[in-house]
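Colleague: I would like to go through this structure with you step by step, and I will ask about one feature at a time. Please end each reply on the name or value I asked for.

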Amino acid sequence: MSAVDLLIVGAGPAGMAAAVTARRHGLDVLVVDDQPAPGGQIWRSVETVAASARGARLGDSYLAGAARAASFRSCGAAYEPGAQLWQIEPGFRAFVTSSGKARTVSTRAVILATGAQERPVPFPGWTLPGVLTVGAGQILLKTADQVPAKPVWIAGSGPLPLLYMTQLLAAGGAIAGFLDTTPPGRLGAALRHLPAALGKAGDLWKGVAWTLALKRAGVKTIKHVAEIEAHGEGKLQSLRYRRQGGDWHETPAEVLLVHEGLVPSVHAPLALDCKVEWRQDQRCYAPVLDGWGESSQPGLFVAGDGAGIAGAIAAEHRGAIAGLAVAARLGKVAAAVAEAAAAPARKLLQRELAFRPFLDALYEPRAQVFAPSDETIICRCEEVTAGTLRQRAEVGRPGTNQMKAFTRAGMGPCQGRQCGYTVMHILGSAQNRPPEALGFYRIRPPLKPVTLGELAALDQPDSAA
């Protein structure tokens with residue numbers, strides 16, 4: 001068993017900033033990350049890509065990650081890429097697998113900087129080969145400069161589809177069309193938040209610039225799409241869609257990329273019994289944190305988009321604030337000094353967060369995301385359909401965890417990451433209850449799949465300890 005002052009899980013913007021800050025105050029820091037290099041999703045592969053033509057195509061926001069990764073590499077924190085955290089015990093003892101072997105790490109404090117995931121969007125045919133998320137398409141573009149050979153269809157809502165489409169066009173890709181699923185009337189709802197968002201006018205302009213670039217490129221855009229379906233034998237061959245209040249249309253398709261926003265990664269906080277709160281604006285949970293990012297479990301902090309979706313810059317500020325908090329808790333810096341040092345980061349963080357109500361109102365998930373047809377597979381791991389869930393929901397008003405026992409939905413390797421929120425909404429609708437009244441699945445270790453060989457290699461603490 002190894003021992004450190006601070007264990008940071010994740011080497012994205014928040015994790016790197018937390019490590020740099022903690023090391024500046026003399027803490028012994030270990031950063032574990034399941035990715036092969038630092039940067040997270042936003043700056044994925046930036047160390048190798050930044051100096052290439054691919055880096056230039058991905059834009060200035062992406063290129064900014066190169067300097068952050070360099071600072072992280074030189075800060076003196078121990079760094080283990082390709083390492084998975086699969087359990088944390090109170091106290092804290094963390095269980096980590098790296099290079100096929102599991103071990104334990106004793107730490108005085110933990111910062112979870114595990115980021116976010118794309119919101120699962122179940123619809124008929126979403127499990128067909130050829131149907132991916134926009135995030136997956138962007139990963140392929142960043143890591144391997146992989147551009148689909150055939151024109152792709154993009155379906156969804158939010159800034160990421162716009163950004164990806166401009167990046168794809170710059171890389172020489174072709175877009176068959178964009179099915180914009182933002183419901184009508186959302187701009188009006190968002191405009192009341194515009195005054196607060198003007199502090200981030202540059203980000204507002206980015207969205208306008210992306211939209212104009214797609215228009216100049218002649219990208220076919222179909223607005224107010226309510227429902228989509230993917231069809232094919234063994235692979236995607238056609239796409240059906242329907243606008244709000246309109247008829248169904250069908251078109252040939254070989255690649256479909258879907259995105260309906262991001263949700264915080266909350267599995268680790270839930271497994272550690274941290275308090276979470278329901279975010280009605282984005283239909284998801286986020287951990288309850290104090291001003292330093294500390295959870296309801298003392299010594300356990302959450303930073304980055306795992307604390308609530310706010311973007312890379314906000315993630316950095318959250319990471320720096322959490323790093324300062326740990327340094328103060330462990331006596332490396334006086335509380336008053338830490339408070340003064342955190343003040344600039346807090347101010348910048350509030351500026352970033354002021355932009356979120358505008359985006360959250362504009363891109364609030366459409367109702368159809370949570371009301372798939374009966375034949376739609378909801379739990380990909382166990383192949384449980386929406387119809388099966390609705391039938392079971394009528395018997396005894398079961399909760400989310402009872403539904404897991406009845407149907408095995410949520411028992412697969414992803415532990416409900418792909419089905420949990422949809423199951424909550426389906427049960428809530430069937431029982432005339434708000435989804436938050438049912439709650440998420442109970443999350444148990446291991447957080448990630450662990451082999452028997454890895455467990456056999458696990459070092460055990462001395463029995464006298």
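Colleague: Which residues touch the most other members of the largest nonpolar core?

Modeller: This is a predicted model, and in it the largest nonpolar core holds 59 residues. Within that core, the residues that touch the most other members are Leu6, Val29, Val31, Ile111 and Ile154.

Colleague: What does valine 29 touch, if residues up to four places away in sequence are not counted?

Modeller: Valine 29 is among the residues with the most contacts to other members of the largest core. When residues up to four places away in sequence are left out, valine 29 touches Leu6, Ile8, Ala19, Ala22, Arg23, Ala77 and Ala78.

Colleague: What is the bridge partner of leucine 239 in strand 14?

Modeller: Strand 13, residues 238–243, runs antiparallel to strand 14, and five bridges join the two. For leucine 239, the bridge partner in strand 14 is threonine 251.

Colleague: Is glutamate 316 buried or exposed?

Modeller: Glutamate 316 forms a salt bridge with arginine 68, with a distance of 2.8 Å from N to O. The pair links distant parts of the chain, since glutamate 316 lies in helix 12 and arginine 68 in helix 5 (residues 65–74), 248 residues apart. Arginine 68 has 29% relative accessibility and therefore counts as partly exposed. Glutamate 316 has 13% relative accessibility, and because buried means under 20%, glutamate 316 counts as buried.

Colleague: How many residues apart in sequence are the parts that arginine 103 and glutamate 80 tie together?

Modeller: The closest N and O atoms of the salt bridge between arginine 103 and glutamate 80 are 2.5 Å apart. Because arginine 103 lies in strand 6 (residues 101–112) and glutamate 80 in strand 3 (residues 78–81), the pair ties together parts whose separation in sequence is 23 residues.

Colleague: In which helix do arginine 356 and aspartate 360 both lie?

Modeller: The side chains of arginine 356 and aspartate 360 meet in a salt bridge at 3.1 Å, N to O, and both residues are buried. They are four residues apart, about one turn of the helix, and the helix in which both lie is helix 14 (residues 356–362).

Colleague: Why does histidine 259 count as buried?

Modeller: Histidine 259 lies in strand 15, residues 256–260. Leaving out residues up to four places away in sequence, histidine 259 touches Glu118, Val134, Ala155, Gly156, Ser157, Leu160 and Pro161. Buried means under 20% relative accessible area, and histidine 259 counts as buried because its relative accessibility is 3%.

Conventions
Residues are numbered from 1 along each chain as its sequence is written. This is a predicted model: local features need pLDDT of at least 70, side-chain atom pairs count only at pLDDT 80 or more; totals for chains, interfaces and linings use all residues. Side-chain values use heavy atoms; hydrogens and water are left out. A nonpolar core is a set of buried Ala, Val, Leu, Ile, Met, Phe, Trp, Tyr and Cys residues joined through side-chain atoms within 4.5 Å. Buried means under 20% relative accessible area, exposed over 50%, partly exposed in between (1.4 Å probe, protein chains only). Contact means heavy atoms within 4.5 Å. Two strands pair if DSSP finds at least two bridges between them. A salt bridge is a side-chain nitrogen of Lys or Arg within 4 Å of a carboxyl oxygen of Asp or Glu.
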